[in-house]
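Here is a short briefing to read alongside the model. Please keep the viewer open and follow the strands as we go.

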Amino acid sequence: MTDQNAARRDMANAIRALAMDAVQQADSGHPGMPMGMADVATVLFTKFLKFDPTDPHWPDRDRFILSAGHGSMLLYSLLYLTGYPDMTLDELKHFRQLGSRTAGHPEYGHASGIETTTGPLGQGLGNSVGFALAERALAERFGRDVVDHYTYVIAGDGCLMEGVGQEAITLAGHMGLGRLIVLFDDNSISIDGPTSLSTSEDHKKRFAAAGWQVIAVDGLDPDAVTRAIRKARNTTDKPSLIACKTVIGYGAPTKAGTAATHGSPLGKDEIAGAREKLGWPYPPFEIPEPVFSAWRKVGTRGKSVRRKWLKRHATMAEADRAEFDRRMKGDLPPAVGEAIDAFKAKVAAEKPSWATRKSSQEALEVINPVLPDTIGGSADLTGSNNTKTATIKPATVENPGGRYIHYGIREHAMAAAMNGMALHGGVIPYGGTFLVFTDYCRPSIRLASLMGLRVIYVMTHDSIGLGEDGPTHQPVEHLAALRAIPGLQVMRPADTIETAECWQIALESKKTPSVIALTRQNLPTIRDAGDSNRSARGAYILAGEPSAAVRLIASGSEVQLALAARELLSREGIEAAVVSMPSWELFAAQDETYRDEVLGPEGTVRVACEAASGFGWDRWLGRNGAFVGMTGFGASGKASDLYKHFGITAEAIADAARRLKQ
């Protein structure tokens, strides 16, 4: 073995040793994948990956995504060895401990160099499509002098088995994302044992059928891996899969190649045997100085590349440089707020009766021309979700700068890719499907909330009001399920003005994902424009006085029913105030004084109405409240007939208020 090969072997073994030691000390974790993929990762980081630990948010860095997030010690070891300041040896020693940066699975924001939160298998692969789409769109706008990087992914068998993985693979192939390179840890082992227990497909043929370049290599041969990555980088018209044949737990004398190394510490005796087999005689967590210095030298390599980029950035046309910097910071131009204000004033004057999905499209028609950051899309429901506007064109292989993505019937990949776009920066993704199909998106919506990403979900056909498609498509429990996700803004506007306000809220929420739930059926304009965004407080008194003894609370399409119920009660001398509540989360963030003013003091009669499950409404109803809504699944029929059939009417709201006042 040459000195160069020996040094490279030792650098890879440093990763293996740190992974073994950290998992053993934590008595928890997954040592097998880092040990098997150490050679691949060493080649990637030492020869190809463009990064600078001293500026981890440098816009033109390559993105490295560990989709197989259970092997987190691979990433943590690399971040420590290459010199990321916040990934210290002490952090590795506290792997999986409360308060450490080294969580069981990589968590975005916990440490520099972690590009996305992974762990639920396939999510990182789905994110990578968004990273690559954002890179390509920004390069088309600003040029390769400032946007010229790759997205690399390490994925395992589990990522490829998950449904979101297949959705992502076919979408990436169709879009021709030539700067996306997936390194497949082809070790043929899953938690239960050999992958042959559960699958017999040929992943390589599957990728090839989806339009990928496929390269198969020995993942333990650094030279072969080097050639494969170089070939992938030189292929610009299609994404590349490099299937790296590896041995899980490589180096473990009795457990290598078995499921025993997947999710458990190796044990002291097995680690001692691995040290002997790998030629690594050093104590736990000790990296010999020559190996450590070699890794730290790798970490300094990107500094000169970044400095050259800074010079190119400085020579950009002033307007382009300012626009690039604004977009990478995620700031909105003032024109957005101005456009929304003008739109609200126009709507207040004309008072259209539109479905809020149409209202959303009309709002986007004024937003998209002044906010080039937006990249919209739909999961094959463009005409129903109303997510495409006149000024944006589809993104295709031929038109990489397009701002609209036809995701096809891939709701999960759409949501995962939007997370990747938001993480990449420089773009603001929004995408649409029916509200009922948030079930298909939910894992990615949850991760967007966990990471605090500005992703906007345009979810139409939000209740039984969609009518004839019936209970399979009528969401009942979905608003409650989405409201249960911490950190997610769920907004259900009552008319066009509230819809525009909800869009403004979503766009201004730089660290919060938003669901905007929209109707199929037409709704009247019930608001004036006002001089502020009233929806931003989550709920407000739309009609009536704060002193009223009755509150009629509703969201979305049911606000008009609450207004009609108020008129019924008024004829009987019962004073009621109507509260429009587009967002529970925003209302909960208000101070107690404001909440009491809107809902009335404890003991106020409160009747809530929503064409959905009542789960969670008790929070706002107090001890003298009632709910008018759904108690089971919907049915197929005309919307007007369904509302009467299920007792969601102005009369039912008024009756509930009368009973409570007795």
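Predicted model: local features only at pLDDT ≥ 70, side-chain atom pairs only at ≥ 80, totals over all residues.

Glutamine 489 has serine 514 of strand S14 as its bridge partner.

- S13 and strand S14 (residues 514-517) run parallel and are joined by three bridges.
- Both belong to an open sheet of six strands, paired in parallel and ordered S10-S9-S11-S12-S14-S13.
- Strand S10 (404-406) and strand S13 (489-491) stand at the edges; each has a single partner strand, so one side of each is left without a neighbour in the sheet.
- From one strand to the next, the twist averages 20 degrees.

**A helix across the strands**
- Helix H17 (residues 438-451) lies across strand S11 (428-434) and strand S12 (456-460).
- The helix runs at about 160 degrees to S12.

**Strand S17 and its partners**
- Five of the five residues of strand S17 (residues 550-554) are buried, so the strand is largely enclosed by the rest of the structure.
- Val550, Leu552 and Ala554 point one way from S17, while Arg551 and Ile553 point the other way.
- Strand S18 (residues 576-580) runs parallel to S17 and is joined to it by five bridges, with valine 578 as the bridge partner of leucine 552.
- Between S17 and S18 the chain passes through helix H20 (residues 559-571), making a right-handed β-α-β crossover.
- Strand S19 (residues 605-613) also runs parallel to S17, joined by five bridges, and here arginine 551 stands opposite arginine 606.

Terms used. Residues numbered from 1 in each chain as written. Heavy atoms only, no water. Pairing = 2+ DSSP bridges. Helix = DSSP H or I, 4+ residues; strand = E, 2+ residues; numbered from the N terminus. Axes fitted to C-alpha atoms, helices over the stretch in contact; angles between N-to-C directions. Contact = heavy atoms within 4.5 Å. Buried < 20%, exposed > 50% of the residue type's maximum accessible area, 1.4 Å probe, protein only. Right-handed = clockwise from strand over helix to strand, strands pointing away.
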